[in-house]
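Me: I have a model open and want to learn how to read its packing. Walk me through it, please.

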Amino acid sequence: MKKLILLFAFLLTTSCSLTGRNIVQENDFELTGGSVGEKVWKNDLKLKRISWYQEMTMVFDVLLGEISNESPFYNWFSTSEKISLKQCSKSYLALYYSSSSDVISKKRFLKQVKLQGYEQFIMNDFQSALRLHPQYVSNSFQLYDVAILCAKSEIEGPLKLEFPNYRTISIKK
């Protein structure tokens, strides 16, 4: 009986200690394959996923990655979008989500990247192609905003994301 009480006390203490924390979790994410017209590919679009949790609730999530002109996913951009991308010395595809604008808002995220020299480009044709990808619905990306973060001039150092009471995240390209 004492062992059962001790086990229960340990589990209760451990679970309660997790609820008061702000956690940042980093993972890799891959969008697999795609097509445009007759072109079909099985390549992966590699993205870095960063999720901010307050206690047990994800309050902000962003997936960031580069799409070079050698990537088959580059074909999802329209001609005018490709022209816009050529203005960028450094760019990131960003899918971002906020569960509560009171905690970490999408506007706060965009303000942070703007202060570091990145502009938000909305790429409607790319976004339309992404919406039709099988992983779009299965990962609930309909809840996310999609944009290209474009730096028109050379930027030294990595993109940094900083939110109060969370550790700083550096995105290296």
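Me: Which residues touch the most other members of the largest nonpolar core?

Reply: The general idea comes first. A nonpolar core is a set of buried Ala, Val, Leu, Ile, Met, Phe, Trp, Tyr and Cys residues joined through side-chain atoms within 4.5 Å. Buried means under 20% relative accessible area, exposed over 50%, partly exposed in between, with a 1.4 Å probe and protein chains only. Here the largest such core has 26 residues, and I67, F77, L93, L95, F126 and L130 touch the most other members. At least two residues of this core come from each of β1 (22-36), β2, β4 (90-98), α4 (124-131) and β6 (145-151). Another core lies apart from it, with 25 residues, among them V24, Y92, I104 and Y166.

Me: What should I know about the source of these values?

Reply: This is a predicted model: local features need pLDDT of at least 70, side-chain atom pairs count only at pLDDT 80 or more, and totals for chains, interfaces and linings use all residues. Residues are numbered from 1 along each chain as its sequence is written, and side-chain values use heavy atoms, with hydrogens and water left out.

Me: How many helices and strands are in the protein?

Reply: Helices (H or I, at least four residues) and strands (E, at least two) are DSSP runs, numbered from the N terminus. The protein has five helices and eight strands. Their order along the sequence is α-β-β-β-α-β-α-β-α-α-β-β-β.

Me: Is L45 buried or exposed?

Reply: L45 counts as buried because its relative accessibility is 3%. The residue sits in strand β2 (residues 39-54). Across the protein, 40% of the 173 residues count as buried.

Me: Which residues does L45 touch?

Reply: Contact means heavy atoms within 4.5 Å. Leaving out residues up to four places away in sequence, L45 touches F29, E30, L31, E66, I67, F73 and L93. I67, with neighbours within four places set aside, contacts L45, F73, Y74, F77, L93 and F126.

Me: Where is the disulfide, and which hand does it have?

Reply: A disulfide is a pair of cysteine sulfur atoms within 2.5 Å. The structure holds one. C88 and C150 form it, with sulfur atoms 2.0 Å apart. C88 lies in the loop between α2 (79-85) and β4, and C150 in strand β6, 62 residues apart, so the pair links distant parts of the chain. The S-S torsion of C88 and C150 is about -115 degrees, so the disulfide is left-handed. Both C88 and C150 are buried.
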